[in-house]
Amino acid sequence: MRNIQGLINRLSSKRENLASEAMADAKIMARNNGLETDFKEKRKRKKKMEELFRGSLMEILDRILSEMNSRFDALKDVNSIFGFLSGSQINEIDSTTLHVRAKTLADSYPDDLNKEELQQYNSIFVT
């Protein structure tokens, strides 16, 4: 989960420079393929094509960041319920915390899990 948060933070911090970097990369690729690197305008417009490109890129990046944040928040919610079942956490938490987390899990899924049975299985994992 730290990797996902790190990616979100990095994209957020690079947001302003990303459009300029993308434009520079696009011009290099165009030059390498024998294409013109300047946008030619057939008629006068209020905004230059580069500004339109930058605006579109910023909208795309904002959408990506928004989606990543909402999905990461959902992942954190799932992890708060199921995370204690991972091998690293289940071996490191004390029995009281394990029982509380198992109860929370059982309360979240009362039709699928029996609270008493789940707590009995927890005693197996407590060292």
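**Close-up views of a predicted model**

**View 1. The structure holds one aromatic pair.** F82 and Y109 make up this pair, which is tilted, with 5.6 Å from centre to centre and 40° between the planes; rings of Phe, Tyr and Trp (its six-membered ring) pair if their centres lie within 6.5 Å, and planes under 30 degrees apart count as stacked, over 60 as edge-to-face and the rest as tilted. The pair links distant parts of the chain, 27 residues apart, with F82 in helix α2 (residues 49–82) and Y109 in the loop between α4 (95–108) and α5 (115–125); helices (H or I, at least four residues) are DSSP runs numbered from the N terminus. F82 counts as partly exposed because its relative accessibility is 33%, and Y109 likewise at 32%, where buried means under 20% relative accessible area, exposed over 50% and partly exposed in between (1.4 Å probe, protein chains only).

**View 2. Helix α2 and its buried residues.** With 34 residues, α2 reaches 49 Å from its first C-alpha to its last, close to the 50 Å expected at 1.5 Å a residue, the expected span being 1.5 Å times one less than the number of residues. Its buried residues are L57, M58, L61, L65, M68 and F72, and what covers them includes α1 (2–32).

**View 3. The largest nonpolar core has seven residues.** These are F84, I90, L98, A102, L105, A106 and L118, and α4 gives the most, with four residues.

**Model and numbering.** This is a predicted model in which local features need pLDDT of at least 70 and side-chain atom pairs count only at pLDDT 80 or more, while totals for chains, interfaces and linings use all residues. Residues are numbered from 1 along each chain as its sequence is written, and side-chain values use heavy atoms, with hydrogens and water left out.

Terms used: Helices (H or I, at least four residues) and strands (E, at least two) are DSSP runs, numbered from the N terminus. Contact means heavy atoms within 4.5 Å. A nonpolar core is a set of buried Ala, Val, Leu, Ile, Met, Phe, Trp, Tyr and Cys residues joined through side-chain atoms within 4.5 Å.
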